[in-house]
Amino acid sequence: MKQITIIAFIAGFAALLPLAIGENPYFIGVLISVLMMAALSSAWNILGGYAGQYSFGHAAYFGAGAYTTMILISRFNINPLVSMVAGIIVACIIALITGSIVFRLRGHYFGLASIAVAEIVRLSALNFDFTGGAQGILLSDVSLWGLDLNSKLPFYYGMLLVLVITLGITLNLRKSKTGYYLQAIREDQDAAASLGINLSFYKNKALLISAALTSVLGSLYAVYIRFIDTTAVLDLRLSIEIILTAIIGGVGTLWGPVLGAVLLVPLAEMLRSNVLGDVLVKQGIVSENSGLGVFLKENLAHAHVLVYGIITVLCILYMPKGILGLFRRKK
Amino acid sequence: MFFLQSLLSGILTGGVYALAGIGMSLVFGVMNISNFAHGDLMMLGMYLAYFAFTLLHIDPYLSLLLIIPTAFLFGFILEKVFIHKIIDHPHQNQILLTIGLGLIMSNTALLAFTSDPKILTTSYSSSAVHILGGISLSVPLLLSFAITTVITGILFLFLSKTTTGLALWATSQNREAAQLMGINVAKMSAIAFGLGTALAATAGALIAPTYYIYPMAGHTFLLKAFTICVLGGLGSVIGAGIGGIIIGIVESMSSTYLSSDWKDVVVFIIFLAVLLLRPQGLLGKKGEQ
């Protein structure tokens, strides 16, 4: 089956899913998180997976979209879609500045510089007044074409649409000249340059595509949650979660980031909402009133990052190409 | 007067930063690995000093005698169990593995010690020495600067006079050539990582009396340590020492003349400027980027 058919098939399935499970806000909420992380990680994958440029600062683009949108809507009452486009422009400007500084560097330096840029963006949002500082920005009311934005469904379909577009771009990229150039750059920069590939042009192109998609997701997220602060949308932890999702699924594959999100987001959600602890208690594995039971109840909700850490270490040591990498044909 | 005050406190704080930077640079030089767990190792050092003080009633500066060997052993084991397996991997995998290890450390600390910041208050925590009529220097900062100087001195003697030290130096110059000369580079890596960990933990213990102790404290210091290393030239131990002092001064000056909210931004802008203008760092060799 062609990849594009699979994308269409899965998208169709995802589109019908809310009808099947009904309007359960909790499940729809988890599914929105899955779709968002899948799309974020896929967008990162265009730069990290195909061009081999590991950005450790993608939260900057997510935050650029989220903040621009929220400021324009809450202060100037501008149409959400127009604000989203403005977010893309801001994210692309940050990306161009980042790219012009960091793409001349290689190896360790690129990752470090991408973190530095993201931290400058985060600290600026924290210290300026127009970004709401440490309080963040709260959005009381928003409307678009009479859509019910209090419902979660518009955001579910919005995230799904961005995911499908991202996968479509990735698929198209793999078969295009740009895609081959990017993979050549990933495999050997010097060889690619000696063949006449303009390294910085193609790296910047991949970064811009990736940043624009990431910023759209940031805008969607901001209007969906209606509250943003630097911890939610600009933290280094977000950048790292985006990478981990791709790594665990399989970097540089079309479906790896999606698979990573499908596995990791529900796991994190289960830990956060204490489902796992409850199951352990109900199965009689851990007694509710024992020391361990109380400890799990109080602490398991904070443990999802710890679990991410453990999974990352195991993944890098034993399965560096991710889950999909295990099934790939050996060259 | 403000200027002098700010300059001197900058130099004192910078000394501790230098220690953290030297640890990271040593690991980078010998192993060619960017250690993203470095900040979290510092955080562990802070907690070690805190618990040595509250539980065992050992002065934080005296507790270094316990912390340094413990941290060295911990780093040595970390290298033997995890890091050495990825020493030939692409650098992004090395970064991710150390990020993973760092997440495990900081979140285990979060589970064990909760996110409430702890404060280590010694009898001399808020005392200060006054010199030149108006300049006050905090006693804990003076003590930690003195200890930093001693430790850096010992480290240099070790690196330049002992066989192991010279072998480390050689490995950082050229790993393959060192191996051909009969140096056990695997052992050197473990020693370098142990030393790096010990230096990080020492820096953590030294700032513990003047800083909030919390599980995510490492985050800020990680980025600072990287800035210091890049400023000095990745892998250059002397460069990291100078870089640390410079960053200390920059921070202190920007707090005085700008605002303490923006001091980290200034540090990161310097970081990017160095990458842009002199990616090999102040003391690095050309063509290493």
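In the predicted model described here, H1(B) passes H5(B) in a left-handed crossing, a crossing being left-handed if the near helix is turned anticlockwise from the far one by less than a right angle, and right-handed if clockwise. Helices (H or I, at least four residues) are DSSP runs, numbered from the N terminus. The model is predicted, and local features need pLDDT of at least 70, side-chain atom pairs count only at pLDDT 80 or more, and totals for chains, interfaces and linings use all residues. Residues are numbered from 1 along each chain as its sequence is written, and chains are lettered from A in the order in which they are written.

Helix H1 (residues 2-31) and helix H5 (residues 139-161) of chain B pack at an angle of about 40°, their axes lying 9 Å apart; axes are lines fitted to C-alpha atoms over the stretch in contact, and angles run from 0 to 180 degrees between N-to-C directions.

Between the chains, the contact takes 34 residues from chain A and 37 residues from chain B, two residues being in contact if their C-beta atoms, placed from the backbone, lie within 7 Å. On the side of chain A that touches chain B, H5(A) gives the most, with 12 residues.

Within helix H7 (residues 177-187) of chain A, Gly179(A), Tyr181(A), Leu182(A) and Ile185(A) are buried, that is, 20 or more other C-beta atoms lie within 10 Å of their own, whereas 12 or fewer make a residue exposed. Seen down the axis of H7(A), these buried residues fall within an arc of 160°, so they line one face of the helix, the arc being that of the directions from the helix axis to the C-beta atoms. Lys177(A) and Glu187(A), on the other side of H7(A), are exposed.

Terms used: Helix = DSSP H or I, 4+ residues; strand = E, 2+ residues; numbered from the N terminus.
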